[in-house]
Amino acid sequence: MKKILIILTISILYSCSSDDSSTSSNNTSINPPDWIQGSWFQEENGAIDKNTGYTFKKNDFCLNVFNTQTCFGANNIIAIQGNVITRIEEVKNDNEYKISITQDNTTLVYHFKKINSTKIEWINDPVGNLAETFYKKNNG
């Protein structure tokens with residue numbers, strides 16, 4: 001439940017490595033790698049929580065919280081409470097994807113690691129080492 005509240009808070013506020021990795025910092029362009037594209041929902045004790053997750057599109061990154069989707073892509077640049085996305089930085093390779101989203105003076109960082117083709121781990125979960133946070137790919 002804490003994780004849902006953390007993601008919900010971020011959503012409300014912002015409605016809002018190896019040698020073969022690539023880094024890009026090109027203002028507001030978002031381009032997740034193919035392996036992570038799709039919708040992913042939190043998995044806990046083998047159960048899927050469809051209230052909490054992420055969607056990675058060819059040109060977008062979205063938070064999914066309680067049937068509300070908040071996207072950060074160039075076509076969805078957010079300007080709530082005067083916050084405007086000013087920079088996107090991505091680091092990606094065959095097993096990890098990290099996206100940094102800067103709005104005004106605040107940077108949000110999301111870092112994911114591929115476990116297999118249907119499971120990823122949120123590496124920089126704000127709860128930290130207290131719990132591992134896994135997401136399962138939605139195939140339906």
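Strands E8 and E9 form a hairpin with 2 residues between them; strands here are DSSP runs of E, at least two residues long, numbered from the N terminus. In the turn, Asp 104 has a positive phi of about 50°. This is a predicted model, where local features need pLDDT of at least 70, side-chain atom pairs count only at pLDDT 80 or more, and totals for chains, interfaces and linings use all residues. Residues are numbered from 1 along each chain as its sequence is written, and side-chain values use heavy atoms, without hydrogens and water.

E8 covers residues 96-103 and E9 covers residues 106-116. The two run antiparallel, joined by 8 bridges; DSSP must find at least two bridges for strands to pair. Glu 96 has Lys 113 in E9 as its bridge partner. Of the 8 residues of E8, 6 are buried, so the strand is largely enclosed by the rest of the structure. Buried means under 20% relative accessible area, with a 1.4 Å probe and protein chains only.

Last, the disulfide. The whole structure has 1, defined as a pair of cysteine sulfur atoms within 2.5 Å. Cys 62 and Cys 71 are joined, S to S 2.1 Å. Cys 62 counts as buried because its relative accessibility is 0%.

Terms used. Buried < 20%, exposed > 50% of the residue type's maximum accessible area, 1.4 Å probe, protein only. Helix = DSSP H or I, 4+ residues; strand = E, 2+ residues; numbered from the N terminus.
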